[in-house]
Amino acid sequence: MGSYSEGIERLVRPHLAGFTGYSASVSPDTLAGKVDVPVESVIKMNANENPYGCSPRVLQALADDSHFHIYPDDGQQVLRKLLAGYAGVDAGRIVVTSGSNQLIDMLVRLFVGPGDEVINCVPTFDIYRFSTEICGGTLVNVNRDEKFAVDVNAVKSAVNSRTKLIFLATPNNPTGNVIPQPDILEIIETGVPVVVDEAYYEFSGETVMPLIDRYSNLMVIRSFSKWAGLAGLRVGYGIFPPRIAGYLMAIKIPHNVNVAAEIAVRESLADLEYLQDRVKAIVSERERLYHELHKIEWLKPFPSQANFVYCEVLKGSAGDLHQRLQRKGILVRYFDKPLLRNSIRISAGRPEHTGALVKALHELDQ
Ligand SMILES: Cc1ncc(COP(=O)(O)O)c(C=O)c1O
C-alpha cells in the first residue's frame, strides 16, 4: 500500500519528462516588495494587453447580468452568429474558444500525433512549440531572416508527407512584422493545412480572410484579448473550412467559453466604434514609442504592425535593463535566446506610459 502514490511521476508520458512549459508574463500582484512604487501604479507593458481596458458596455452588462449559475450554450449559436457577422463568413465556419491559445492547442490535437511534423517559423509565438510537444509531434523550425521575414523557400522545402500543420503569425509575436500576402499565398499553395494567426489583426488591418473561400487548407485564428481588451476573460475564435469547424466543435471541452466571456463578446461587437478608436490611439502610440526608442543609440527597435515594439539592446544586458525598469515599476518582456538575442518587447501603452518609459530609459542610460 502506498507505493503507487509514491513516485507516480514515473508514469508521466515519457516525452513530457523535462518538458519546458510556456513562460508567461509577470503579473503585478507578485511584485510587492520587488518594486520601488506601489503595486497599483505599476505600468504593465509586458503582455500586449489593451491599456484602455474593455468597452464600458461590457462592464455594465456584466454588472447587470444574473445568469452566471447557468451553463453557457455549448453549441455557441449566438456567439458563432455574431462572430460570423464580424468576420464576414457563415456561422458554420466559426469556432469560439477560451482565448486563441486554446484554439491553437485544439488544432494541434486535431491534426498532430507522434511522428507528425509541424512547421514553425522561428522566432515566433511559443505556444505553437508548446502544444506540438505536448501532443508528441515533431517541431520543424524554419528560421526567419535577419529582419524576421519568413523564408518561404525554406518553408516549402521543409514540407514532406509527415507535415500536418504550418503556423504563420502575422503580425508576428514578438517581432511585430507582417508576412506579405504573396508569401502567405505561396505557402498555402503547398496544400498543407496552414494556420494564419491574426491575433493582432485589428492593429495591422491586414487579413487573409478574402482567400478563405478559395483554399480549403486555410484556417485563420483571432483573439479578443488585444483589440477588445478582454485578455482576462479569455476569448478567441477561428474561421475554418466547415468540416474542420465541425471536428473542432466535437473535440472541444464542453462549455469552453464562459457566460461572462459570451456577454463580453456581444457587448464589444455592439461597441465597435469605441473600440476601434482605442485601437487607433494604440497604433499612434506604437508609432511614437518606435520613434522615441529609435532616438536612443543603444536600442534598435524594429518596425511593428501590432500593439508592441520589439527592440534589440545593443549595449549592456537586456535582462538587467528589464530588472531595472521593473524596479521603477515598468514591466517589459525580455528575451535572451538564440534567435532573440539580448532584446526586449514593449507593449504600446497610453501616452503617459510611453512618457514614463522613455524617461526611465534616459535615466538608466546604459
Ligand atoms: C501571435 C499570438 N497568437 C495567439 C495569442 C494568444 O492570445 P489569447 O489566448 O489571449 O487569445 C497571442 C498572445 O499573446 C499571440 O501573441
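**Legends: Asn-173 and the overall chain**

**View 1. Contacts of Asn-173.** Not counting residues up to four places away in sequence, Asn-173 touches Asn-48, Thr-124, Phe-125, Tyr-200, Phe-308 and Arg-345 (contact: heavy atoms within 4.5 Å). The model is predicted; local features need pLDDT of at least 70, side-chain atom pairs count only at pLDDT 80 or more, and totals for chains, interfaces and linings use all residues. Residues are numbered from 1 along each chain as its sequence is written, and side-chain values use heavy atoms, with hydrogens and water left out.

**View 2. Location and burial of Asn-173.** The loop between strand 5 (163–169) and helix 6 (181–188) holds Asn-173; helices (H or I, at least four residues) and strands (E, at least two) are DSSP runs numbered from the N terminus. Asn-173 counts as buried because its relative accessibility is 9%, buried being under 20% relative accessible area with a 1.4 Å probe and protein chains only.

**View 3. Polar contact between Asn-173 and Arg-345.** The side chains of Asn-173 and Arg-345 form a polar contact at 2.8 Å. Such a contact is a pair of N or O atoms within 3.5 Å; within protein, one must be able to donate a hydrogen and the other to accept it, and residues adjacent in sequence count only if both atoms are side-chain atoms.

**View 4. Setting within the chain.** The chain contains twelve helices and twelve strands. Of its 366 residues, 51% are buried. Among contacts with a separation of 6 or more, 71% are between residues 24 or more positions apart. The C-alpha trace spans about 65 × 55 × 50 Å along its principal axes.

Definitions and conventions: Buried means under 20% relative accessible area, exposed over 50%, partly exposed in between (1.4 Å probe, protein chains only).
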